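I opened the notebook to look up one chain, from its overall form down to a single residue.

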Amino acid sequence: MITIRQDIRPEDCRRAVFLHLRPRPVFGVAGILMLALVALALALKFRSPTPWDLSTLMLVGGMVYLAVYFCVVIPWRTTKHYRQNRFLVHPTEYRIDETGVHVQSDLGTTEIPWDHLRKWKENKRLILLYPTDATYFLFPRRLFTDAEWEEFRALATQHLKKSR
């Protein structure tokens, strides 16, 4: 059995959003190839006799939009949502064992059996447990010892489908 105390920080939420948005490897490769194609098109366009026309502006505008959206808008929104989440100010204890995730705080107690969770996703800093495709429970690695982290991963692997 693993017992941790909730200590979610804004940077944990930002990392969780980017982990949640991380595509499957095949889609990630396709996205990188599309970005490389756009970069190549821009390079060729800048070498042409008329580099600044509508198509160039659309490509540059699209690239700027993506950069601003992923580097400014998503982190800003995530921090805003973190500040709005009143549940995070309550001391909460999580117990994770063979039966599921048990949550206790001054607001109440809940039991989440493994069969109520659909999948899990991880990176080197976080594990996300998904009750639906769009919502997740966030578990930062820094709250666990190395042995607890490996036990948690083993329980998630045993009971849930891993999402890439």
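My entries on this chain follow.

Entry 1, the ground rules. I am reading a predicted model, where local features need pLDDT of at least 70, side-chain atom pairs count only at pLDDT 80 or more, and totals for chains, interfaces and linings use all residues. Residues are numbered from 1 along each chain as its sequence is written, and side-chain values use heavy atoms, with hydrogens and water left out.

From the N terminus the order is β-α-α-α-β-β-β-β-β-β-α-β.

I noted a radius of gyration of 21 Å, well over the 15 Å of the globule rule for 164 residues, so the chain is more spread out than a compact globule. The radius is taken over C-alpha atoms, and the rule is 2.2 Å times the number of residues to the power 0.38. The C-alpha trace spans about 70 × 35 × 25 Å along its principal axes.

I looked up T78 in helix 3, residues 54–84. T78 is buried, at a relative accessible area of 9%. Its side chain reaches the backbone oxygen of I74 at 2.8 Å. Beyond its neighbours within four places in sequence, T78 is in contact (heavy atoms within 4.5 Å) with C13, R14 and V17.

Key: Helices (H or I, at least four residues) and strands (E, at least two) are DSSP runs, numbered from the N terminus. Buried means under 20% relative accessible area, exposed over 50%, partly exposed in between (1.4 Å probe, protein chains only). A polar contact is a pair of N or O atoms within 3.5 Å; within protein, one must be able to donate a hydrogen and the other to accept it, and residues adjacent in sequence count only if both atoms are side-chain atoms.
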